[in-house]
Amino acid sequence: MKIPIYQIDAFTSHVFGGNPAAVCPLQKWLRKEEMQQIAIENNLSETAFFVPEDDHFRLRWFTPEYEIDLCGHATLATAHVLFNHLSYTQRQVLFHSQSGPLTVTKTGELLTLDFPARKPVAAELPEVIRQSMGKAPTQVLKARDYVLVYETEEDILQLSPDVNLLNTINLDPGGIVVTAPGKEVDFVSRFFTPQAGIFEDPVTGSAHCSLIPYWAERLNKNTLLAQQVSQRGGELQCELASDRVYISGRAVTYLEGHIYL
């Protein structure tokens with residue numbers, strides 16, 4: 001069996017930036033175990049698989065460890081493949097997923113995700129996370145992920161979490177988002193996933209489902225510019241619209257080929 005595969009750098013306008021994701025178009029589903037093995041072999045934070053269904057597509061995402069319920073950058077990457085490699089001619093593509101219907105709209109080179117908002121609420125921070133971060137946040141919130149709010153962008157850049165300590169806890173399927181006001185953007189963030197093969201995610205679209213509602217309320221504005229300040233880095237144009245968030249960015253193709261099973 002020969003399966004097409006693309007590797008896309010999402011939330012960036014150049015290769016080696018943003019967040020890489022693998023995308024595998026399918027005509028029918030593989031067994032879950034096979035998709036998991038492919039994700040393990042790819043060794044990227046996410047591998048996306050999709051199949052056509054009537055006028056839309058069914059989309060699933062796998063990390064090297066397990067299937068997840070929502071992934072922003074791999075959805076952006078999948079839309080990029082459809083628009084740029086598979087001759088999809090509509091302006092908007094509809095995906096059905098574990099998180100419900102998701103759309104991606106193409107405007108020039110910009111792709112816009114329509115995702116559910118996940119407003120975080122006040123929470124208690126486990127002591128192991130507090131110890132591993134070194135510096136205490138000014139505010140602790142939680143939705144799917146813990147959201148730790150700091151005072152400055154420098155705080156976020158200087159954080160050096162204790163990986164070994166964090167790997168003693170299991171946050172499946174969530175992670176830890178650290179965020180603060182940005183110097184040249186509205187807010188910055190980083191994202192950590194304990195016990196995952198890739199500890200710090202370069203750019204995390206799904207985390208912005210919580211970051212956007214928080215910062216929109218705090219800054220009293222619904223249109224925001226965000227930057228994830230990981231080593232690779234990425235830029236996201238964000239908007240809050242009631243119980244939905246719009247997350248926009250660019251994507252570029254790094255490679256295309258085939259998997260042989």
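Predicted model: local features only at pLDDT ≥ 70, side-chain atom pairs only at ≥ 80, totals over all residues.
User: What volume does the largest cavity have, and how many residues line it?

Analyst: The count comes to one cavity of 30 Å³ or more. Its lining divides by class into 12 nonpolar, 11 polar and five charged residues, and S45, E46, T63, F191 and T193 are the lining residues that lie nearest the centre of the largest cavity. The space in the largest cavity is about 310 Å³, and the number of residues lining it is 28.

User: Which strand gives the most residues to the lining of the largest pocket?

Analyst: The largest pocket, with a volume of about 200 Å³, is lined by 16 residues, and F11, T12, S13, E235 and R250 lie nearest its centre. By class this lining holds three nonpolar, 10 polar and three charged residues. Two strands, β16 (234-241) and β17 (244-249), each supply at least two residues of the lining, and the one that gives the most, with three residues, is β16.

User: Is G205 buried or exposed?

Analyst: G205 is placed in the loop between β14 (200-201) and α6 (208-219). Leaving aside neighbours within four places in sequence, G205 is in contact with F11, G72, H73 and I247. Because the relative accessibility of G205 is 1%, and the cut-off for that class is under 20%, G205 counts as buried.

User: How many Å apart in space are G205 and L113?

Analyst: In sequence, G205 and L113 are 92 residues apart. Taken from C-alpha to C-alpha, their separation in space is 8.8 Å.

Notes
Residues numbered from 1 in each chain as written. Heavy atoms only, no water. 1 Å grid on protein atoms, 1.4 Å probe; cavity = no way out; pocket = protein on both sides within 12 Å on 5 of 7 lines; lining within 4 Å. Points joined across faces, edges and corners; volume = space filled by probe spheres on them. Nonpolar A, V, L, I, M, F, W, Y, C, P; charged D, E, K, R; others polar. Helix = DSSP H or I, 4+ residues; strand = E, 2+ residues; numbered from the N terminus. Buried < 20%, exposed > 50% of the residue type's maximum accessible area, 1.4 Å probe, protein only. Contact = heavy atoms within 4.5 Å.
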